[in-house]
Amino acid sequence: TGGGFVAIACGELHSVALRDDGTVVTWGNADFDQRDDAPTEAGFAAIACGARHSVALRDDGTVVTWGHADFDQRDDAPTEAGFVAIACGLCHSVALRDDGTVVIWGDADA
């Protein structure tokens with residue numbers, strides 16, 4: 001897959017990598033849009049994977065999600081800027097704001 005990677009993350013059956021130019025690369029299973037809906041533009045600073053969904057943090061502090069959405073892993077994602085870190089659980093995601101507060105979305109029971 002070439003060089004220039006700065007971060008990697010693994011889901012249940014898919015993987016995501018972040019290149020040093022800020023682009024995202026995905027591979028593996030695509031049954032739940034783990035690959036097909038991935039962002040194609042540059043400008044990303046971090047990546048994370050849940051079981052069947054992924055999250056990326058843009059340089060501008062906004063969050064992008066793709067993949068499975070059966071537990072609102074995508075639909076409830078924050079739309080505002082100001083985030084500095086992201087992480088994923090099985091069917092949920094979290095994002096840390098620059099003021100130290102945390103936003104959680106997806107399956108509250110996961």
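Ile-104 lies in strand E9, which spans residues 102-106; strands (E, at least two residues) and helices (H or I, at least four) are DSSP runs numbered from the N terminus. The model is predicted, with local features requiring pLDDT of at least 70 and side-chain atom pairs counted only at pLDDT 80 or more, while totals for chains, interfaces and linings use all residues. Residues are numbered from 1 along each chain as its sequence is written, and side-chain values use heavy atoms, leaving out hydrogens and water.

Ile-104 is exposed, its relative accessible area being 59%; exposed means over 50%, buried under 20%, and partly exposed in between, with a 1.4 Å probe and protein chains only. Of the 110 residues in the protein chain, 43% are buried.

The protein chain contains zero helices and nine strands. Its radius of gyration, taken over C-alpha atoms, is 13 Å, close to the 13 Å that the globule rule gives for 110 residues, so the chain is as compact as a globular protein of that length. The rule is 2.2 Å times the number of residues to the power 0.38. Along the principal axes, the C-alpha atoms fill a box of roughly 35 × 30 × 15 Å.

Three strands form an open sheet in the order E1-E2-E3, with antiparallel pairing; strands pair if DSSP finds at least two bridges between them. Strands E1 (5-10) and E3 (24-28) stand at the edges with a single partner strand each, so one side of each has no neighbour in the sheet. Strand E2 (residues 14-19) pairs with E3 in the antiparallel sense over five bridges, and Val-16 has Thr-26 in E3 as its bridge partner.
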